[in-house]
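Trainee: I have a protein model open and would like to learn how to read it. Could we go through some features together?

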Amino acid sequence: MKNDNRARSKDADRLSEMLQEPYRNHRHDIWLWLYLDYYREARLDRKTCNGLTMRDEIARALRDQKYFQSRIPREKDRLLLPIEKLDWIEEDERQHRWLIREIERMTDLRLPRGLVHLTGRDRLIAMIDLWDVDLAEKASEVELLHRDWRRHKAKDSDFEWFSDKKEGEKRCVCAWEWLKKKHLSPLSRQVPISNYQELLMFFDQEEIGRHERSAMIREIKRRWSRKQFDERAADKKQVNVMLSKTVIAQLDALAETHELKRAQIIERLVRMEADAGVYLADV
């Protein structure tokens, strides 16, 4: 089980003395910084949020707010879920991007700009903590969000073909080439896709229905097959020849017997005769 963001510390400082809290709780510190800035317009230095001087900045903002200091425990009880209800949020960039969009839709809440130190899992939990809604409703919505994430992840099976250990990255690059040509606007600022994770994150952010997504994947697979054929045939050239029906039947019989294609049978026979010179020497 994860601790409440970072391990608690008993080192005393101005904020500990002010709030009469001997233990530090990093998650609570982030929430308090955001609460002061977002709801009480404390005008805090944005660079201090989740930074080394965050607690000093909070202490400065609370210095003349004795009444609010006494209300902080009540506000924590009112807004903060037990950390166990947030354990499913991982240190995963893809999950973070998906959750940020969903949380913004759910809460209609946007964190202030310039919080350069507030990233990753800390940022997601901070958004949920700052959301001012009945705590029981918040718990219910977070559980629904967890369910929706699991359902979303289950759709990854549609992209299993792109996760191949040997050719997966090449297939993802092929997907990017198709998307750039057939799907994206010429003015798109989408970063090129080079691996499976980036491909999943691209489709996470696109509003594409399942049927349309399946059709796109089929087209990408066709492009891949054409590329593979072109690479194999790079040193070959098509030659049209007229053959009698009898020879064509014999050619097909050989192809079936040896499980080869017509062109492969002809190519092997020609090479063998060129090497050995057995059958055409006396013609």
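Trainee: Let me start with one side chain: is F162 buried or exposed?

Mentor: Good place to begin, and keep in mind that this is a predicted model. The relative accessible area of F162 is 1%, and buried means under 20%, so F162 is buried.

Trainee: How should I describe two aromatic rings that come together?

Mentor: A pair of aromatic rings is described by the distance of the centres and the angle of the planes. Searching the whole structure gives 10 aromatic pairs.

Trainee: Which residues are linked into a cluster by ring pairs?

Mentor: The cluster consists of F159, W161, F162, F202, F203 and W224. Look at F68: the charged end of R40 sits over its ring, 4.1 Å from the centre.

Trainee: Now helices. What general idea should I carry with me?

Mentor: An α-helix has 3.6 residues a turn, so residues three or four places apart point the same way. Helix α2 covers residues 26-38, and at 1.5 Å a residue its 13 residues should span 18 Å. The C-alpha atoms at its ends are 18 Å apart, so the span agrees with the expectation.

Trainee: How many residues of α2 are buried?

Mentor: The count is 12 of 13, which leaves α2 mostly covered. Among the buried ones are H26, R27, W31, W33 and Y35.

Trainee: Which helices do the buried residues of α2 pack against?

Mentor: They pack against α1 (14-19), α3 (54-62), α4 (66-79) and α6 (120-130).

Trainee: What caps the N-terminal end of α2?

Mentor: That is N25, with a side-chain oxygen 3.1 Å from the backbone nitrogen of R27.

Trainee: My last topic is backbone angles. What do I look for in phi?

Mentor: Most residues other than glycine have a negative phi, and most peptide bonds are trans. R43 is not a glycine either, and its phi is positive at about 55 degrees.

Trainee: Where is E41 placed, and where is R43?

Mentor: You will find E41 in the loop between α2 and α3, and R43 lies in the loop between α2 and α3 as well.

Trainee: Are they buried or exposed?

Mentor: E41 has 65% relative accessibility and therefore counts as exposed. R43, at 76%, also counts as exposed.

Conventions:
Residues numbered from 1 in each chain as written. Predicted model: local features only at pLDDT ≥ 70, side-chain atom pairs only at ≥ 80, totals over all residues. Heavy atoms only, no water. Helix = DSSP H or I, 4+ residues; strand = E, 2+ residues; numbered from the N terminus. Expected span 1.5 Å × (residues − 1). Buried < 20%, exposed > 50% of the residue type's maximum accessible area, 1.4 Å probe, protein only. Contact = heavy atoms within 4.5 Å. Polar contact = N/O pair within 3.5 Å; in protein donor to acceptor, adjacent residues only side chain to side chain. Phe/Tyr/Trp six-rings, centres within 6.5 Å; stacked < 30°, edge-to-face > 60°. Lys NZ or Arg CZ within 6 Å of the ring centre and 35° of its normal.
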